[in-house]
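Here is a friendly note to read with the model open beside you. Please take the points one at a time and find each residue as you go.

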Amino acid sequence: MQIDIVSLFPSICKGVLSESVIGRAWKEGIVKINLVDLRDYTHDARKTVDDTPYGGGAGMVLRPEPLFECLQDLRTPDARVVLMTPQGKPFCQQTARRFATLSHLILVCGHYEGIDERARQCLMDEELSIGDYVLTNGAIAASVVTDAVVRLLPGALGNDVSSDEESFGNEPLLEYPQFTRPVDYKGMRVPEILLSGNHQEIATWRLEQRVLRTVSRRPDLL
């Protein structure tokens, strides 16, 4: 899979995506991540990518020319172009799974007050938001989406089953409580069922805990 991230600050993405699971998947060729600086598609000495909005108002807006030239250069027949913007649909695990089946994903990072509407209408296949809040730039959001997608690719995790059993896996349930050594820490013991070696009973207990945790924390998932 190839993921292109178009941003004014690609170094933000590089720092995040070069570490841990995603960094290893990138290094091993499970995913190819291409960080694109939108300023490379400008034609003036100042590498101007933005301008003031028509009609007045605070802030700056990304101009259409560099966006059109950039996506004309990057887009392939199978590419899905996604704009990261607070105005987009909420990103969720189901969307991450859909993206993980693609061969080519292009994430365009919104900046400042957004992008010229003509570029949005002509170039974007869909628009996504990672939450009901505003970040300083879309590179952070694009890194979040990339992380969520790449870890679902075969071979990215040490055990591919991990992505099925965790929160928002194949079932709409949160993950069960986890324990490790020591068995007793300051009087707090690991549940005896987890020490029993009875895998069927452990599986039943974990399912019960998933349901209880989901009901108490995220009943909307049910």
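1. First, some ground rules. This is a predicted model, in which local features need pLDDT of at least 70 and side-chain atom pairs count only at pLDDT 80 or more, while totals for chains, interfaces and linings use all residues. Residues are numbered from 1 along each chain as its sequence is written, and side-chain values use heavy atoms, with hydrogens and water left out.

2. Start with Asp4, which you will find in strand S1 (residues 2-7). Strands (E, at least two residues) and helices (H or I, at least four) are DSSP runs, numbered from the N terminus. A salt bridge here is a side-chain nitrogen of Lys or Arg within 4 Å of a carboxyl oxygen of Asp or Glu. Buried means under 20% relative accessible area, exposed means over 50%, and partly exposed lies in between (1.4 Å probe, protein chains only).

3. Asp4 does have polar partners. Its side chain makes a polar contact with the side chain of Gln2 at 2.9 Å, and the side chain of His104 makes one with the side chain of Asp4 at 2.7 Å. A polar contact is a pair of N or O atoms within 3.5 Å; within protein, one must be able to donate a hydrogen and the other to accept it, and residues adjacent in sequence count only if both atoms are side-chain atoms.

4. Now look at His104 itself, in strand S6 (residues 104-109). Is His104 buried or exposed? His104 counts as buried because its relative accessible area is 5%. Beyond its neighbours within four places in sequence, His104 is in contact (heavy atoms within 4.5 Å) with residues including Leu74, Thr76 and Arg80.

5. Next come the salt bridges. Side chains of opposite charge can pair when their charged atoms come close. By the rule above, the count is 11 salt bridges. One joins the side chains of Arg75 and Asp125 (3.8 Å, N to O). This pair links distant parts of the chain, 50 residues apart: Arg75 is in the loop between helix H3 (64-74) and strand S5 (79-90), and Asp125 is in the loop between helix H5 (117-123) and S7.

6. Another bridge joins Arg120 and Glu127 (2.7 Å, N to O). Arg120 is partly exposed, at 25% relative accessible area, whereas Glu127 is buried, at 18%. Asp220 and Arg218 also meet in a salt bridge (2.9 Å, N to O). Here Asp220 is exposed at 55%, and Arg218 is partly exposed at 31%. Asp51, Arg63 and Glu65 are linked in a network of salt bridges.

7. Finally, visit the loop between strand S7 (126-129) and helix H6 (138-150), where Tyr133 sits. Ile130 is in the loop between S7 and H6 as well. Why does Tyr133 count as partly exposed? Because its relative accessibility is 44%. Ile130 is partly exposed too, at 23%. Leaving aside neighbours within four places in sequence, Ile130 is in contact with several residues, among them Met84, Phe91 and Val145.
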